[in-house]
Amino acid sequence: MDTAVAGGFSPRNGSKGLVLKALQLLAAAVFAGWLMIWIVMPTNTYRNGWSLRIRAETDSTYFGRQGANILINTFPILFISVLGCLYLHLVKKIDTSQSSVHRLAAWKRPVAVNWPLGIVSGVELTFCLMFLVLLVWFYSTFLVANFSQLHQTDDGVKLWQARLDMAAVWLGFVGDLCCAFLFFPVARGSSLLPLLGLTSESSIRYHVWLGHITMAVFSAHGLCYIVYWAVTDQIDMMVKWDNTGTAYVAGEIALLAGLTMWAMTLPRIRRKMFELFFFTHQLYIVFLFFYLMHVGISHFCMILPGVYLFMVDRYLRFLQSRTKVRLVSARLLPSESIELNFAKSPGLAFEPLSIVFINVPGVSSLQWHPFTVSSSSNLEPERLSVIIKKEGSWTRKLYRTLSSPVPQDRLDVSVEGPYGPVSKSFLRYDSLILVSGGSGITPFISIIRELIHQRTTLNRPTPAVLLVCAFKTAADLTMLDLLLPISGDVSDLSGLELRIEAFVTREKSATDEAQTNIRTIWFKPLPSDVPIAPVLGPNGWLWLAAIVSSSFVAFLVLIGILQRYYIYPIDHNTNQIFSYASRSVLNLLFMCICIMAAASAAVLWNKKGNSKEARQIQNIDAPTPTTSPSSWFYDADRELESVPQESLVKASKVHFGGRPPLKKMLLEFDGSNVGVMASGPRGLRHEVAAVCSSGLADNLHFESISFSW
């Protein structure tokens, strides 16, 4: 993990740099305070001292006992989110592409390659260990503090039974701590991830890790209570729903929903039955609702920040996905891959390695699939492209639809995103080694297209690039054709120091199939189809800050009115009269209303600007040549039609019948500041990571790319 400031600005940026530094320090200080609350929460000092004073100060007629948890658990993270939006709005105006390699680069090297966790860097391992230490400290401190007070028991409950009850209670608190972090990685459009230098795609693994820990802890929490009720003859507690206390039935429903999701995350199920995994994962709604019913809204505020930011992000994604986008063309490759080219608003800017989520109702109205963007928003300001490899059932059906002998006039498509990094970190290196396997070349296409823009349009120096790509068959070599955008006449690879080493592993020589031309399909969109546009406009970070802050303030106002004029006259802050479930549902309803109102207003306001840009985008009617550049690998005497094509041929070398000697190529590469990126099958990424972490090449800075196709 890395902050977006790292490599983000330098002293020469003047006052703006100082503002960014101040925002970073303020966010770090607030986060440290929020984390410190969790650290000291199990201690007697906090529970018998600080907590009582805080609750006494915040126990008003407007917020009741809920006010303390809003203040110390919810507000700090939402405040950091708003600061992050302001920071990211400012930092995108600063050119970070030429910054030097970050001082923590050594910590970002892989330290574990073949673990069940995959490739783990030094930074990731450090934070994982720190989080596990926090969990152990949190639970053990609770137990020590409470077990010391259990000298005798009443009502015939034995000492070990009372300790089991206490252990089960604090396992629930440990689960709360895990849940407090669980939803941060899946809030794709949140400012928290880019503020830490993370992307939504790369941080999914943290959500997976946290999910396993969360469900293991909650399962132990539920099991301990079942055992406790059984040995104390209170098994009827399993069907109890206390009006002003713990709703055990709700907790059991939440646990069952969580266990169902957990079971469907097994690698074999997730890979072979992705649809089953995807649809059962929607049970998170059931899990969260009954979790809320189980603990009540006051306790739920402990995990509310992540849930709140996820709700904002999810609703914005919903609004974006309601429109049909304009699909301009599709290129069908002999390798049974597809390049989809969409019209996009010139105001939509994204960095290489970004992803979008695509829904094609003609294939499946419910399924959304992530794909890595292969285009450059700078080189192609009015186009966004993705590459799809025919692998699973969804992609096979899409390929059959497009490759049908019956021409397709149009295809309904909806898009969410793009989501990705906020800087071009790969430009910090003097040289780049890009290692891909199969369709793993997709993210590197966007990098090379961005380098074309940097070199030919901005006339900036770019890193020397070695692209090492492995394919199963010669037909897959046509993936290299996509290094050039469909508007290939604006691209000039001759200015790049680019060398391509392509390896065909399952064939000894070229085949006739490899010389099959690329087929291009041009679509006729409807007037209602719109270019892909930023859902919150070019100043999206400022709008997101406004949505988070205004919706939360409105939520506080509504629950303050609810508490003061409806709940307080009945309950008088005793929490023993007014129903927990009713209070929780009303809070949830107000939360949803505030988020939907604020986000809808912001989207509608920006939709006017997007509509103006959409009318300015010109239709493209002329088809492109269908000649496949990859055929030039086998017919060097053929007359070439343009300079970019010729430069690609000169930069390419094809090897048949073997895998690339990665260790040799990496260790023998000259250069003092070399960035190494690997994308593709796990085995290939692990092989590259093992070389970079071996200590034999200190000049190599490794990064594993999470790509989607």
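This is a predicted model: local features need pLDDT of at least 70, side-chain atom pairs count only at pLDDT 80 or more; totals for chains, interfaces and linings use all residues.
Glu 501 is buried, at 9% relative accessibility. That value falls under the 20% cut-off, so the label follows. Its salt-bridge partner is Arg 499, with N and O 3.0 Å apart. I checked Arg 499 too: 39% relative accessibility, hence partly exposed.

Next I turned to Arg 659. The side chain of Arg 659 meets that of Glu 687 in a salt bridge, at 3.2 Å from N to O. I placed both ends. Arg 659 sits in the loop between strand S13 (652-656) and helix H19 (662-667), and Glu 687 belongs to helix H20 (residues 682-692). The two are 28 residues apart, and the pair links distant parts of the chain. Arg 659 has a relative accessible area of 54% and is exposed. Glu 687, at 27%, is partly exposed.

One network came up, joining Arg 188, Asp 313, Arg 317 and Glu 416.

How many salt bridges does the whole structure hold? My search returned 14.

Last entry: Arg 410 and Asp 529. Their closest N and O atoms are 2.6 Å apart, and the pair forms a salt bridge. I traced Arg 410 to the loop between helix H14 (393-402) and strand S8 (414-419). Asp 529 lies in the loop between strand S12 (519-522) and helix H16 (540-571), so the pair ties together parts 119 residues apart in sequence. Is Asp 529 buried or exposed? Asp 529 is buried, with a relative accessible area of 10%. Arg 410 I noted as partly exposed, at 21% relative accessibility.

Methods
Residues are numbered from 1 along each chain as its sequence is written. Side-chain values use heavy atoms; hydrogens and water are left out. A salt bridge is a side-chain nitrogen of Lys or Arg within 4 Å of a carboxyl oxygen of Asp or Glu. Helices (H or I, at least four residues) and strands (E, at least two) are DSSP runs, numbered from the N terminus. Buried means under 20% relative accessible area, exposed over 50%, partly exposed in between (1.4 Å probe, protein chains only).
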